[in-house]
Amino acid sequence: MENTSEQWTESLWREAMADWGNRQQDTNYRDYVVRPAMKDAVRNADPKDGQIFLDFGCGEGRETAFLRDAIAENGVQTGHLYGYDKNREAI
């Protein structure tokens with residue numbers, strides 16, 4: 001049964017990948033909810049030069065690029081930002 005559910009999940013995800021990639025349906029949500037919250041989280045974390053930053057579930061990297069810019073806006077000039085996503089097709 002577990003194998004069947006994994007196969008179903010993988011097939012469902014493959015079918016949804018194109019829609020997920022363009023994500024036009026959630027543009028306002030990202031612009032008015034997610035991204036301001038990300039900026040607040042970065043500011044509250046008080047990032048420093050030379051730190052390592054991780055984006056788990058980075059997908060294709062759109063929000064990772066936004067995260068990079070938010071970190072830089074807080075004065076960070078050096079460090080490393082890594083993205084990880086379990087779905088290799090999304091990266």
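Rings of Phe, Tyr and Trp (its six-membered ring) pair if their centres lie within 6.5 Å; planes under 30 degrees apart count as stacked, over 60 as edge-to-face and the rest as tilted.

## Aromatic pair

By this rule there is one aromatic pair. The ring centres of F56 and Y84 are 6.2 Å apart and the planes stand at 65°, so the pair is edge-to-face. F56 belongs to strand β1 (residues 51–56) and Y84 to strand β2, so the pair ties together parts that are 28 residues apart in sequence. Helices (H or I, at least four residues) and strands (E, at least two) are DSSP runs, numbered from the N terminus.

This is a predicted model, in which local features need pLDDT of at least 70 and side-chain atom pairs count only at pLDDT 80 or more, while totals for chains, interfaces and linings use all residues. Residues are numbered from 1 along each chain as its sequence is written, and side-chain values use heavy atoms, with hydrogens and water left out.

## Nonpolar patch

I52, L54, F56, Y82 and Y84 make a nonpolar surface patch of about 600 Å². Patches consist of residues with over 30% relative accessible area and no salt bridge; like charges are joined within 9 Å and nonpolar side chains (Val, Leu, Ile, Met, Phe, Trp, Tyr) within 5 Å. Areas come from the Shrake-Rupley method with a 1.4 Å probe; for residues, only the protein chains shown count as cover. The largest share of the patch, three residues, comes from β1.

F56 is exposed, at 62% relative accessible area, while Y84 is partly exposed at 47%. Buried means under 20% relative accessible area, exposed over 50%, and partly exposed in between (1.4 Å probe, protein chains only). Y82, in strand β2, counts as partly exposed at 44%.

## Salt bridges

The whole structure holds eight salt bridges, each a side-chain nitrogen of Lys or Arg within 4 Å of a carboxyl oxygen of Asp or Glu. One of them joins E63 and R30 (3.7 Å, N to O). E63 lies in helix α3 (residues 62–73) and R30 in helix α2 (residues 27–45), so the pair ties together parts that are 33 residues apart in sequence. E63 also meets R35 in a salt bridge (3.0 Å, N to O). E63 is buried at 14% relative accessibility, and R35 is partly exposed at 21%.

D40 and R43 form a salt bridge (2.3 Å, N to O). Both residues lie in helix α2, three residues apart, about one turn of the helix. Salt bridges that share partners join R30, D31, R35 and E63 into one network.
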